[in-house]
Amino acid sequence: MITMRDDVYRYNEERWEALVEADALFTRPMLDLDADRARAYLGLERLGLPGDLAGRRVLCLAGGGGQQSAAFALLGADVTVFDISSGQLGRDRSAAEHHGVEVRTVQGDMRDLSALGDSSFDLVWHPYSLTFVPDSRIVFREVARVVDAGGHYYVMCANPFFAGLTHHAWNGEGYTLGHPYTDEAVTSYPDQDWVYDREAGRSIGEPREYRQTLSRIVNSLTREGFLLTFLSEVRSDRPGLEPGSWEHFTSVAPPWLEFVWRYRPGVLGG
Ligand SMILES: C[S@@+](CC[C@H](N)C(=O)[O-])C[C@H]1O[C@@H](n2cnc3c(N)ncnc32)[C@H](O)[C@@H]1O
């Protein structure tokens, strides 16, 4: 657990407040949801997660912005959003108000979930953010503490093999791998053009991300008592894509992984 406001904390907080101000893609709340759309958006069936969320305790971890929190609340879940950015949490509250549902918001760093009780969630939903901190093991330990036995942990993160690589690495024949494959290697890259309008927004620092190798992710979650129930390599799969484009890049080098883990302490140790 990390309680101090270190450089990682400060950088993430400042950057995400600026992204909210610039109305960046991941900060725009979803205001056109109903229960059916919420279910389709979350894709619970595809992930093999229980569909009946009424009364289930859901934590949207580093998941502010008013997207997933609103969707879960519309499906009847008891939702808590934990995020480092007060602006992002404000978007969760306005989305909830818009939809006439309730969500609880808690500000903090995902490496320190001491504001949340032991075994207090049935599902921890962790959208893209794991690579914003250097050592994912600290986060996993905290998730293991707050999730209840038998509960689920969904985590979407950078594909460790391609972290920091984008379509800009096209050299005419392929995408050049340049960063070392080591845990915590910094893998910053410019935000994609579609993240926010650079003309309108003030200057915002690049994401500062840290590679988490696949072995660290899998071995540390297994050690904490999680069993893997689903894995997806998120990619484009349309034919005829233009080499050097984002879509072609994401068909060659799937940029994200999605995992669903089930917390079964004691089954494998941990
Ligand atoms: C890409 S967004 C993901 C959430 C958003 N709902 C979405 O689906 O796009 C990343 C989120 O992580 C949060 N974040 C970044 N660093 C964090 C940290 N160390 N602890 C907690 N939240 C963090 C940001 O404020 C932001 O809301």
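Helices here are DSSP runs of H or I with at least four residues, and they are numbered from the N terminus. The model you are looking at is predicted.

- Seven strands make up an open sheet with mixed pairing, in the order β3-β2-β1-β4-β5-β7-β6.
- The edge positions belong to β3 (103-107) and β6 (226-234); each has a single partner strand, so one side of each is left without a neighbour in the sheet.
- From one strand to the next, the twist averages 15 degrees.
- Helix α6 (residues 136-146) packs on this sheet and touches β1 (57-61), β4 (121-126), β5 (147-158), β6 and β7. The direction of α6 makes about 150 degrees with that of β5.
- Strands β6 and β7 (residues 256-263) run antiparallel and are joined by eight bridges.

**Trp261, a buried residue in β7**

- Trp261 sits in strand β7, and its relative accessible area is 1%, so it is buried.
- Beyond its neighbours within four places in sequence, Trp261 is in contact with a list of residues that includes Gly151, His152, Tyr153 and Val155. Val218, Leu221, Thr222, Phe226 and Leu228 are also among the contacts of Trp261.
- Gly151 lies 110 residues from Trp261 along the chain, and the C-alpha atoms of these two residues are separated by 8.5 Å.

**Helix α5 and its ends**

- Helix α5 (residues 86-99) has 14 residues and spans 20 Å from its first C-alpha to its last, close to the 20 Å expected at 1.5 Å a residue.
- At the start of α5, a side-chain oxygen of Ser85 comes within 3.3 Å of the backbone nitrogen of Gly87.
- The buried residues of α5 are Gly87, Gln88, Leu89, Arg91, Asp92, Ala95, Ala96 and His99.
- Those buried residues pack against α1, α4 (68-74), β2 (78-83) and β3.

**Asp6, before α1**

- Asp6 is found in the segment before α1 (7-21). Its relative accessibility is 17%, and buried means under 20%, so Asp6 counts as buried.
- The side chain of Asp6 reaches the backbone nitrogen of Tyr9 at 2.9 Å.
- The Asp6 side chain also makes a polar contact with the side chain of Arg111, at 2.9 Å.

**Aromatic pairs**

- Rings of Phe, Tyr and Trp pair if their centres lie within 6.5 Å, and by this rule the count comes to 15 aromatic pairs.
- In one of them, the rings of Phe226 and Tyr263 have centres 5.0 Å apart and planes at 45 degrees, so the pair is tilted.
- This pair links distant parts of the chain, with Phe226 in strand β6 and Tyr263 in strand β7, 37 residues apart.
- Phe226 counts as buried at 1% relative accessibility, and Tyr263 counts as buried at 12%.
- One aromatic cluster is formed by Trp170, Tyr175, Trp246, Phe249 and Trp256.

Notes
Residues numbered from 1 in each chain as written. Predicted model: local features only at pLDDT ≥ 70, side-chain atom pairs only at ≥ 80, totals over all residues. Heavy atoms only, no water. Pairing = 2+ DSSP bridges. Helix = DSSP H or I, 4+ residues; strand = E, 2+ residues; numbered from the N terminus. Axes fitted to C-alpha atoms, helices over the stretch in contact; angles between N-to-C directions. Contact = heavy atoms within 4.5 Å. Buried < 20%, exposed > 50% of the residue type's maximum accessible area, 1.4 Å probe, protein only. Polar contact = N/O pair within 3.5 Å; in protein donor to acceptor, adjacent residues only side chain to side chain. Expected span 1.5 Å × (residues − 1). Phe/Tyr/Trp six-rings, centres within 6.5 Å; stacked < 30°, edge-to-face > 60°.
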